[in-house]
Amino acid sequence: MNYYSLNGNAPKVSFKAAVINGIAPDRGLYFPSEIDPLPATFFDTIETLSNHEIAFRAIHQFVKEDLTDSALKEILSQVLDFDFPVVPIDDSTGTLELFHGPTMAFKDVGARFMAQCLGYFSKNTRNEVTVLVATSGDTGGAVANGFLGVEGVQVVILYPDGKVSDIQERQLTTLGQNITALKVAGTFDDCQKMVKTAFLDEALLEHMKLTSANSINVARWLPQLFYFLFAYKQAKKEGKEIVFSVPSGNFGNICAGMVAYKLGMPVKHFVAATNANDTVPKFMKTGAYEPKPSTATISNAMDVGDPSNFVRIRHLFQNDHGLLEQMLSSYSFTDDQTREAMKSIYKNGEYIADPHGAVGYLGLKKYVSEHPNTYGIFLETAHPVKFLDVVEDALGISPDIPPQIQKVLGKEKHAKPIVSYDELKAHLLE
Ligand SMILES: *Cc1c(COP(=O)(O)O)cnc(C)c1O
């Protein structure tokens, strides 16, 4: 399997090179050269397979030239060591809980898979790779945890000082070892700008191999397709066509779900639910893609004005708006609607949804109101305690703090303050 650049101006590369490069030299996203459907028997018998077997068979074709079968199995057993339950919400709705991993964000799977792959590729070489990542909160914790102690990989995380929650800050500043946190006097956009500058700084790149750990990287993006297969395995018994609603920011998660569909997974439709950042809902309506600066919301992990993976989605449907529309609807919701949804989910079944999951719920309800007789699954992408203030404010209750989070609460934060790109560069060259 090769990977080509969606900008069409760079050589095809192996999985290994795509993971190490992150983005193609022409600044395009890498895309697999083929997606071969899995045999129908795989889906007919999926309920008899373990999650490890499902994941192995689903991702094998994308990585097989660069990971031996035993290496892939070993990686998957480390990555998938927690549950992915579909929890019933009502008769025709379930929520796929993706927050049972070490940092309680769905990004744990992708971050760990990418970390294990990079660790494997840098074994027996003397070439260190530096992962440089900007975070508005959740990515940083998942990346820090996933890469902790991986040999041959240094991780530098930039976050906006004072703009991430205390829990999120502790998750990325208390680990030590190969993880360094830099707190930037500025916004998330400032952090991201510094990271982009570094990736284009030729003088810097002569001294080090830099890669990113966001969902642009194929090793973080593709493993997310497992979620949809795990959900299908559980929801198949409902005997109805399945609709997935995915709370979306950079659209990596939903795009991976669409790869699962291309692998042959039976699914009726996908809903991309967004907060006020409505670039894609607008595009679906008008056909014009008009990126804009992001707007701050209570579902802040989705505050993205120019979703990086949407080009992959369009490509999956041959850039044909008509074809895309048959499989994708997209709706945007306000913070008030999100809080109302959290209240009504709680009132109906005492289920506590986080604000991102609640946006997914709203998208699902909007679609199924016009398409009854389906089984709807919305993805719950973070544990509600990660957005404690929003949950307390909307529901007037405090969810229990789970052990994964309690573990970091007592630890001391270590972060180096920086104000400019020059300081970042000096730190990287140290
Ligand atoms: C990152 C994130 C999202 C958005 O996922 P994308 O793949 O970027 O669309 C949604 N919810 C939470 C909690 C996240 O951390």
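The model is predicted: local features need pLDDT of at least 70, side-chain atom pairs count only at pLDDT 80 or more, and totals for chains, interfaces and linings use all residues. Residues are numbered from 1 along each chain as its sequence is written, and side-chain values use heavy atoms, with hydrogens and water left out.

Five strands form an open sheet in the order E8-E5-E6-E7-E13. Helices (H or I, at least four residues) and strands (E, at least two) are DSSP runs, numbered from the N terminus. The pairing in this sheet is parallel. Two strands pair if DSSP finds at least two bridges between them. Strands of a sheet pair through backbone hydrogen bonds, either parallel or antiparallel. Strand E8 (209-211) and strand E13 (416-418) stand at the edges. Each has a single partner strand, so one side of each is left without a neighbour in the sheet. The twist averages 30 degrees from one strand to the next. Angles run from 0 to 180 degrees between N-to-C directions, and axes are lines fitted to C-alpha atoms, for helices over the stretch in contact.

Helix H8 (residues 188-199) packs on the sheet. H8 touches E5, E6, E7, E8 and E13, and its direction makes about 150 degrees with that of E5. Contact means heavy atoms within 4.5 Å.

Within the sheet, strand E5 (residues 129-134) pairs with E6 over six bridges, in the parallel sense. Leu132 stands opposite Val156 in E6. Strand E6 (residues 153-160) is mostly covered, with seven of its eight residues buried. Buried means under 20% relative accessible area, exposed over 50%, and partly exposed in between (1.4 Å probe, protein chains only).

Strand E7 (residues 179-184) pairs with E13 over three bridges, again in the parallel sense. Here Lys183 stands opposite Pro417 of E13. Ile418 also lies in strand E13. Its relative accessible area is 2%, so Ile418 is buried. Beyond its neighbours within four places in sequence, Ile418 contacts Leu182, Lys183, Val184, Ala185, Met194, Glu423 and Leu424. The C-alpha atoms of Ile418 and Leu29 are separated by 29 Å, and the two residues are 389 residues apart along the chain.

Asp138 belongs to helix H6 (residues 138-147). Asp138 counts as buried because its relative accessibility is 6%. The side chains of Asp138 and Lys386 are joined by a polar contact of 2.9 Å. A polar contact is a pair of N or O atoms within 3.5 Å; within protein, one must be able to donate a hydrogen and the other to accept it, and residues adjacent in sequence count only if both atoms are side-chain atoms. Leaving aside neighbours within four places in sequence, the contacts of Asp138 are Ala105, Gln168, Ala382, Lys386 and Phe387.

Helix H13 (residues 279-286) has buried residues at Thr279, Val280, Pro281, Phe283 and Met284. These pack against strand E10 (269-274), helix H14 (310-316), helix H15 (321-327) and strand E11 (328-332). Just after H13, Gly287 takes a positive phi of about 80 degrees.

Helix H4 (residues 69-79) packs with helix H5 (residues 107-122) at an angle of about 145 degrees, and their axes are 9 Å apart. H4 contributes Ala71, Leu72, Ile75, Leu76, Gln78 and Val79 to the contact, while H5 contributes Val109, Arg112, Phe113, Gln116, Cys117 and Tyr120.
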